[in-house]
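The exercises below are meant to be worked through with the sequence and the coordinates at hand. Each task is followed by a solution that goes step by step.

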Amino acid sequence: MTQPVSSAQQGGPDKGAAPAPVPELRKKDGPARIPGLRVDVRNLSLLGVLVVLVAVGGFTEPDAFLDAGNLQLILTQSSVIGVVTVGMTFVITSGGIDLSVGAMVALASVWATTVATQEYGFAGMLFTAVTVGLAAGLVNGMLIAYGRMVPFIATLAMLASARGLALQITDGKTQIVTVKSVLDLGLPDSYVLGIPPLVMMFAAVTVVGWLVLNRTTFGRRTVAVGGNAEAARLAGIDVRRQRLFLYLLSGLCCGIAAFMLIILSGSGQNTNGNLYELDAIAAAIIGGTLLSGGRGTIVGSVLGVLVFTTITNIFALNNLQSDVQQIAKGAIIVAAVLVQRRTSAHGET
């Protein structure tokens, strides 16, 4: 609502003018502070869920779950999907979706572990993984931003194509890594103060992602495009270029995650990254990133990844079947979306 211009602003006295209504100003200022508070509360809630899960794991399998090696395993497994989730958070915040992240991880990992690539050593494998991820992200971005394809369709096509190409490269076989400098990063001897290198890489990507989303023009433009693309365009934002860069960012994260997965598994397989799209989207959603776009949180996404990885670890230690894990994940996703819709409805009233 447009506020009436006061007499002081008009440059002349107006003794008969009524003062601006203070309650209306308070009502206008309120929503600007509420979203930040909601994010904090959601993150605190996720921390509470993590504490409960740790308690459950410690109660059901105290010796195995609370072992230092198992906790390191949880963090390490969270790192790979966590990096993918950081890129997914940006895409969803912009109002898009990327169903091809798992396939891009698979393609980048098998391309980086071919015999020809491994001849170039550590640097050659890292460069190949990142380049393949960027190339796939570029294709997605061009189709969506300039080809005007629906993100769901474009990334679904990339999912099928990348999986097929990965299968063709490997011929269905596992490609074993022989580069010692790559394999050494997955050994306990490479840990720094008990922290695996993959966890430190994940932490670095998380910090950079948080800074970009919350402290840069790129991050503000991402939120603006997700909130209202037409309004963002009228405000001078090149929406198509922004979307292109976002899918490039997602591809970059997939390339980094592929190299991390190579370190973790010591191999490249066309089945790598299976269902990563589900895990990344789910982690971002339960972390507080709005599925319709316009709001995203890196911290919440990271906590969502930790929640899912911890649940998977607890199920595995208690010998529960994988189908039960998927059912639990699906239930969590549904609950998170319902909570988001309820929260958004309250915010609009």
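This is a predicted model: local features need pLDDT of at least 70, side-chain atom pairs count only at pLDDT 80 or more; totals for chains, interfaces and linings use all residues.

**Exercise 1.** How many salt bridges does the structure hold, and which residue forms one with Lys180?

*Solution.* The structure holds two salt bridges. One of them joins Lys180 to Asp184, with 2.9 Å between the closest N and O atoms. Lys180 and Asp184 both lie in helix H9 (residues 180–184) and are four residues apart, again about one turn of the helix. Turning to accessibility, Lys180 is exposed with a relative accessible area of 58%, whereas Asp184, at 27%, counts as partly exposed.

**Exercise 2.** How many aromatic pairs does a search of the whole structure find? Classify each by its geometry, and state which helices the rings come from.

*Solution.* A search of the whole structure finds two aromatic pairs. In one of them, Phe90 and Phe218 have ring centres 6.4 Å apart and planes at 45°, and the pair is tilted. Phe90 lies in helix H4 (residues 68–93) and Phe218 in helix H11 (residues 217–227), so this pair ties together parts that are 128 residues apart in sequence.

For Phe122 and Phe259, the centres are 5.2 Å apart and the planes stand at 85°, so the pair is edge-to-face. Because Phe122 lies in helix H7 and Phe259 in helix H13 (residues 239–265), the pair ties together parts that are 137 residues apart in sequence. Phe122 is partly exposed, with a relative accessible area of 30%, and Phe259 is buried, with 2%.

**Exercise 3.** Which residues form the nonpolar patch on the surface, and which helix gives the most to the patch?

*Solution.* The patch is formed by Val139, Leu143, Met149, Val150, Phe152, Ile153 and Leu156, which together have about 560 Å² of accessible area. Helix H7 (121–146) and helix H8 (151–170) each supply at least two of the patch residues, and H8 gives the most, with three residues. Val150, for its part, is found in the loop between H7 and H8; with a relative accessible area of 51%, Val150 is exposed.

**Exercise 4.** How many of the 12 residues of helix H14 are buried, and how does the span of H14 compare with the expected value?

*Solution.* Helix H14 runs over residues 276–287, and its reach of 16 Å from the first C-alpha to the last is close to the 16 Å expected at 1.5 Å a residue. In H14, 11 of the 12 residues are buried, and the helix is mostly covered; among the buried residues are Tyr276, Glu277, Asp279 and Gly287. Just after H14, Gly288 takes a positive phi of about 120°.

**Exercise 5.** Is Ser109 buried or exposed, and which residues is Ser109 in contact with, leaving aside its neighbours within four places in sequence?

*Solution.* Ser109 lies in helix H5, residues 101–112. With 0% relative accessibility, Ser109 counts as buried. Once its neighbours within four places in sequence are left aside, its contacts are Ala258, Ile262, Gly268, Gln269 and Asn272. For the chain as a whole, buried residues make up 44% of the 349 residues, and of the contacts with a separation of 6 or more, 77% are accounted for by residues 24 or more positions apart.

Definitions and conventions
Residues are numbered from 1 along each chain as its sequence is written. Side-chain values use heavy atoms; hydrogens and water are left out. Patches are made of residues with over 30% relative accessible area and no salt bridge: like charges are joined within 9 Å, nonpolar side chains (Val, Leu, Ile, Met, Phe, Trp, Tyr) within 5 Å. Accessible areas come from the Shrake-Rupley method with a 1.4 Å probe; for residues, only the protein chains shown count as cover. A salt bridge is a side-chain nitrogen of Lys or Arg within 4 Å of a carboxyl oxygen of Asp or Glu. Buried means under 20% relative accessible area, exposed over 50%, partly exposed in between (1.4 Å probe, protein chains only). Contact means heavy atoms within 4.5 Å. The expected span of a helix is 1.5 Å times one less than its number of residues. Rings of Phe, Tyr and Trp (its six-membered ring) pair if their centres lie within 6.5 Å; planes under 30 degrees apart count as stacked, over 60 as edge-to-face and the rest as tilted.
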